[in-house]
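Hello,

Here is the structure I said I would pass on. My notes on helix packing and aromatic pairs follow it.

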Amino acid sequence: MATTLKDAVARKPVLATIRLIVPAGAARPAPPVGPALGFYRLNLMAFCKDFNARTQKYKAETPMQVTLTAYKDSTFEFVVKSPSVAWFLKKAAGIETASSRPGHVMVSSLTLRHVYEIAKLKQSDPYCKHMSVEALCKSIIGTANSMGIEIVKDL
C-alpha cells in the first residue's frame with residue numbers, strides 16, 4: 001500500500017498508546033484512568049464523558065478494554081473493545097475462577113449455543129470483524145479448554 005506525501009503530512013505524531021481496562025459506564029478521573037491520561041496531559045473529562053456514552057448499552061461493571069492513542073498536540077482517539085472471552089466464559093459458566101489444573105479438573109460445562117452467542121458478541125470487535133463465526137467459535141472453545149470448561153453439545 002503506497003502512502004502519498006499528503007497522507008504522511010496529515011498524520012499526527014503519536015505520543016503514546018495506552019491500554020486500559022475500565023468498567024463500562026464508570027470512567028472517572030480517578031485511578032486507573034486519571035494517572036494514565038494525566039501523565040500525557042490529556043483531557044480527562046472529555047475521555048470520561050465519551051467513554052461512558054459509548055459503553056452505556058453494557059451492564060455496569062463490565063470490564064471494557066480500551067486502546068487509547070495520544071497525540072503530541074494533546075488530542076486523543078480511542079477504541080473500545082468488548083470484554084475478554086475468558087470473562088464471557090466465566091459469566092456463562094457461573095464461576096469466579098478457572099480451573100487450577102485445566103485438562104485434569106473440569107470446573108464447569110457449557111453448550112455450543114453459549115459458544116456461538118459469545119462469538120456473535122465478539123464479532124462486533126474491531127479486530128474480529130474479519131474473522132468468520134466458525135473461526136471465532138474454535139478460538140473460544142480453545143480458551144474454554146484452557147480454563148477447564150468443558151464444551152458439550154447439550155447440557
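A residue counts as buried under 20% relative accessible area and as exposed over 50%, with partly exposed in between. Please keep in mind that this is a predicted model.

By that cut-off, phenylalanine 47 is buried, because its relative accessibility is 0%. Phenylalanine 78 is buried as well, at 5%. The two rings form an edge-to-face aromatic pair, 4.9 Å centre to centre with 65° between the planes. Phenylalanine 47 belongs to helix α3 (residues 44-54) and phenylalanine 78 to strand β3 (residues 76-81), so their pairing ties together parts that lie 31 residues apart in sequence. Both are members of one aromatic cluster, made up of Phe47, Phe51, Phe76 and Phe78.

Over the whole structure, the search finds 6 aromatic pairs. One of them joins phenylalanine 39 and tyrosine 40, edge-to-face, at 4.9 Å between centres and 90° between planes. Here phenylalanine 39 is exposed, with 65% relative accessible area, while tyrosine 40 is partly exposed at 26%.

On the helices: α4 (residues 85-93) packs against α6 (residues 133-147) at about 65°, and their axes are 10 Å apart. That angle makes α4 roughly perpendicular to α6. The crossing is right-handed. On the α4 side, the contact is made by Val85, Ala86, Leu89 and Lys90; α6 contributes Ile140, Thr143, Ala144 and Met147. By type, the residues of this contact divide into 6 nonpolar, 1 polar and 1 charged.

Regards

How values were computed: Residues are numbered from 1 along each chain as its sequence is written. This is a predicted model: local features need pLDDT of at least 70, side-chain atom pairs count only at pLDDT 80 or more; totals for chains, interfaces and linings use all residues. Side-chain values use heavy atoms; hydrogens and water are left out. Axes are lines fitted to C-alpha atoms, for helices over the stretch in contact, and angles run from 0 to 180 degrees between N-to-C directions. Helices (H or I, at least four residues) and strands (E, at least two) are DSSP runs, numbered from the N terminus. Angles under 35 degrees count as roughly parallel, over 145 as roughly antiparallel, 65 to 115 as roughly perpendicular and the rest as oblique. A crossing is left-handed if the near helix is turned anticlockwise from the far one by less than a right angle, and right-handed if clockwise. Contact means heavy atoms within 4.5 Å. Ala, Val, Leu, Ile, Met, Phe, Trp, Tyr, Cys and Pro count as nonpolar, Asp, Glu, Lys and Arg as charged, and the others, Gly among them, as polar. Rings of Phe, Tyr and Trp (its six-membered ring) pair if their centres lie within 6.5 Å; planes under 30 degrees apart count as stacked, over 60 as edge-to-face and the rest as tilted. Buried means under 20% relative accessible area, exposed over 50%, partly exposed in between (1.4 Å probe, protein chains only).
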